[in-house]
Amino acid sequence: MYDDAYAATKVIPDSIKSMKRQITGYHKDDEGDWVAELDCFHNQHVRNQPPFTNRPWVETEEGRQEKLGSELNCVRCDRLEFPDGLVAQRRTPEFNQDSIPAGLQRDHNTKKGVWGVINVVEGELIYNVCEPEEQTFVLSQEKFGIIPPTMLHNVAANGEVKFFVEFYSR
């Protein structure tokens, strides 16, 4: 649904802090490598490949179980990549430059497990991402905004604007 067209326009420098996400489960990929399932609905390989990657815990059931709930850096959240398989749950009314709720203009976030998509119908909207590193985007009809779960952000009108936010989960 939301491909990486927006996310692909972003370049995340290696020095940027990463969004921490909890491990909720595991599965093996087609090659038999272990993949951690994260609470943001992204997946991340957790291979043990010394000396570059030292994760001996991944090789045993006990080791993997002990790591459930621990955090990994999610580079896909850093890149604002929308996960596959999410379903629209609800959407806001359409707002304009005069009706943007004060709460959206202050730093706020979505709940754990809830993704947002900012859709601009007309004009431009300033989308400020506060973490893991501050970034500012100008959204338009051609450029929507992705909001990962629990990520602090805010919005501001850039002149006349009409927009709404859709919320997704599993």
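How many bridges join strand S7 to strand S10, and in which sense do the two strands run? In this predicted model, S7 and S10 run antiparallel and are joined by 13 bridges, where two strands count as paired if DSSP finds at least two bridges between them, and where strands (E, at least two residues) and helices (H or I, at least four) are DSSP runs numbered from the N terminus.

Residues are numbered from 1 along each chain as its sequence is written. Because the model is predicted, local features need pLDDT of at least 70 and side-chain atom pairs count only at pLDDT 80 or more, while totals for chains, interfaces and linings use all residues, and side-chain values use heavy atoms, with hydrogens and water left out.

The table gives the bridge counts together with one pair of facing residues for each partner.

| Strand pair | Sense | Bridges | Bridge partners |
|---|---|---|---|
| S7 and S10 | antiparallel | 13 | Glu122 and Lys162 |

Strand S7 is mostly covered, with 11 of its 15 residues buried, buried meaning under 20% relative accessible area, exposed over 50% and partly exposed in between, for a 1.4 Å probe and protein chains only.

**The nonpolar core**

The largest nonpolar core has 38 residues, and those with the most contacts inside it are Trp115, Ile118, Leu125, Tyr127, Val155 and Phe163; such a core is a set of buried Ala, Val, Leu, Ile, Met, Phe, Trp, Tyr and Cys residues joined through side-chain atoms within 4.5 Å. The largest share, 7 residues, comes from S7, and the strands that each supply at least two residues include S1, S2, S4 and S10.

**The largest pocket**

The largest pocket has a volume of about 290 Å³. On a 1 Å grid over the protein atoms alone, a pocket is an open set of points where a 1.4 Å probe fits, with protein on both sides within 12 Å along at least five of seven lines, and lining residues have an atom within 4 Å of a point. Of the 16 lining residues, the closest to the centre are Arg90, Asn109, Thr110, Val114 and Phe167, and S10 gives the most to the lining, with 5 residues.

Leu80, in the loop between helix H2 (75–78) and S5, has a positive phi of about 55° although it is not a glycine, and at 2% relative accessibility Leu80 counts as buried. Thr150, in the loop between S9 and S10, likewise has a positive phi, of about 65°, without being a glycine, but Thr150 counts as partly exposed because its relative accessibility is 28%.

Conventions. Grid points are joined across faces, edges and corners, and a volume is the space filled by probe spheres set on the points.
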